[in-house]
Amino acid sequence: MTIPVGFITRYAIPLVVATLFLGDVDIPQQFKIFDKTQRLSDEVLSKAMGEGEGPPESFDYIIVGGGSAGAILANRLTASGENRVLLLEAGGDPNPILDVPFAQRYYWDSDMDWNYTTVKQSRACNLTGGSCIWPRGKALGGSSSVNGLVYNRCKPKDYDLWANFTGDQSWSWANVKDTFNSFEDYHGFYEETAGANHGYGGEMYVGKIDHLPGVEIFEEAVREKGIPIGDLNGGEEFTYGFSKIDYNIKNGMRCGTYQAFLEPILNRSNLVIYRYAYAIRIETISLGDLTYRAVGVTYERHGAIRTALAQKEVILSAGVVESPKLLLLSGIGPKEHLQELNITTLIDLPVGKYLQEHPGMDVVGNSGGFRFNTTFGKDYNTSEALMQFLQNGTGPMNGFAYETGYAPQLMGGYLSSPHNQDRSRPDVHVYIHEHYTPPPAEKEEMYFSVELAQPNSTELLDWQDKPLIDPNFYEDLNEVEILADGELPASKIIKSIFCKVIIVQSLLLVIEIMMDLFMNSTTFQKFGIQQMDRLLEMLDSREDYALLPPRLHLPHGTKQHCSCCRFKLNNLRVIDASVIPFVPSGNTNLPAMLIGARGAEIILSGQ
């Protein structure tokens, strides 16, 4: 069944935008109204059509989760028409308001967010009482329907490490590059020189934001300091330095995996999508000798509990929290913990014990950043800006904003601290933000954020009534340095409103580089840049959708690590970011998409 929301996206978006930014409306309330209306519509239509009623339905494949990986799997597995696929998604269709990137900030606390938080951290998220937000998309398209749309392949060496760790060279950069290119339609900042480094004609559109006020000035300052600029998504040729950021934005609108891979195929007769279907348990049968076979999934939808059967395979693509949770609830996990939960253990595995995330911080002052004596930006809340966006998808509304004004990411970068001399895999990820505040308190600022690209700390996912996510941020004391009265120049600037600031050494040393760039470049001095008076501590978990390898190192079925065979559970695969052995060096949406595409290749090749 298809809920016809396409007409909303095509015809009502101009009205939505006008209402959002020129009208006096309660945006969170609009979100709630849409979510409730869509859920009710789905319930009425599904009951009218008798979906899931009667004997258990049978499919070739059941995919749990229609996010960054699951959407691609559903697309690829149904392309030939030979396979009948059921896609179970806990959320609904993405709210069309979020098709406008400018509205991304409104999704927080909506029904499109799982609203996870971590357990209290002793060395992070002090501004929120030690509990860090853990945003995850709950809708078709998953986190790609709510994220900041940054297109980041991470570093080639990340994939070589995966390949070496698993002994499977099909996961090396030389091989996965072709998979990236296969689903890419590249029209980003480096299109003229991209050549074979990018793909063309694939489903996933890669575009750019045209309104980046001040980016030329920042580029000039970077070059003055001898830091290279190029395409950081281009492969081995350029891995260190800064890059203009490419986005999954097409004609000014969001292009997540829902828009790219699901929306165009909603009418395929061999694809059945059950929205608001929450997977409860993987159904298995015993084959003897402690060997099992996955035969289906039990799920709850609109108050009814039903089971669907899979003739070929059950595929978990529910994400880094929900996939491990479903394994645990199905008896696959640490035996001692399952016994505590009164769950019969089928397979004793360390599920949920190898979570990783990119800890980082925004380097901002009390006033918001490095302030200039001129302005680069312009007011986005005008009829002219609205008309420019409606006519051709450009201008200040083709970007991102916060409550106090327009705040695009001008550039992204990878820098190496003195701890890491390998420029092919730098250890710190950097973003540069321009922040324009319109009148009457008009001002122009820039600030930057830094995050650890390869964290050492491993983390824990537990499950009782709700997920207990414990990232153990900064618990590896080999990584951190406690600054109270340090002698480094940056430590004289970074004075927290708290008694101490805890900063990863690598981040601190790269902050030194960035502070030098802002304060000592003649380029910025021409604009009367002002030193930050005091920095607020913002140690947090960046929302890069990092991942959880539950020791299922690759999607089941790969040659050397056939976890289904190795762990005596047949016909079950995990194909999402939770199978990555080491967190990649940046935003994880693209690696998750890669895993979905590679997983489909593996299945369709008969492995």
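Predicted model: local features only at pLDDT ≥ 70, side-chain atom pairs only at ≥ 80, totals over all residues.
Let me begin with the helices. Two packed helices are described by the angle between their axes and the distance between the axes. For helix α5, which spans residues 173–182, and helix α15, which spans residues 589–604, that angle is about 95° and the axes lie 10 Å apart. Since angles of 65 to 115 degrees count as roughly perpendicular, α5 and α15 are therefore roughly perpendicular to each other. On the α5 side the contact is made by Val176, Thr179 and Phe180, which meet Leu590, Leu594, Ala597, Arg598 and Glu601 of α15.

I turn now to the annotated site. An unreviewed UniProt entry lists Asn147, Gly148, Leu149 and Val150 under "binding site", and of these residues Val150 is included in the lining of the second largest cavity.

Are Asn147 and Gly148 buried or partly exposed? Asn147 sits in the loop between β4, residues 133–134, and α4, residues 156–166, and with a relative accessible area of 4% Asn147 is buried, because the cut-off for that class is under 20%. Gly148 is likewise placed in the loop between β4 and α4, but at 25% relative accessibility Gly148 counts as partly exposed. If we leave aside residues up to four places away in sequence, Gly148 touches Gln104, Tyr247 and Phe400.

How values were computed. Residues numbered from 1 in each chain as written. Heavy atoms only, no water. Axes fitted to C-alpha atoms, helices over the stretch in contact; angles between N-to-C directions. Helix = DSSP H or I, 4+ residues; strand = E, 2+ residues; numbered from the N terminus. Parallel < 35°, antiparallel > 145°, perpendicular 65-115°, else oblique. Contact = heavy atoms within 4.5 Å. UniProt positions renumbered as here; feature names shortened; annotations may be inferred. 1 Å grid on protein atoms, 1.4 Å probe; cavity = no way out; pocket = protein on both sides within 12 Å on 5 of 7 lines; lining within 4 Å. Buried < 20%, exposed > 50% of the residue type's maximum accessible area, 1.4 Å probe, protein only.
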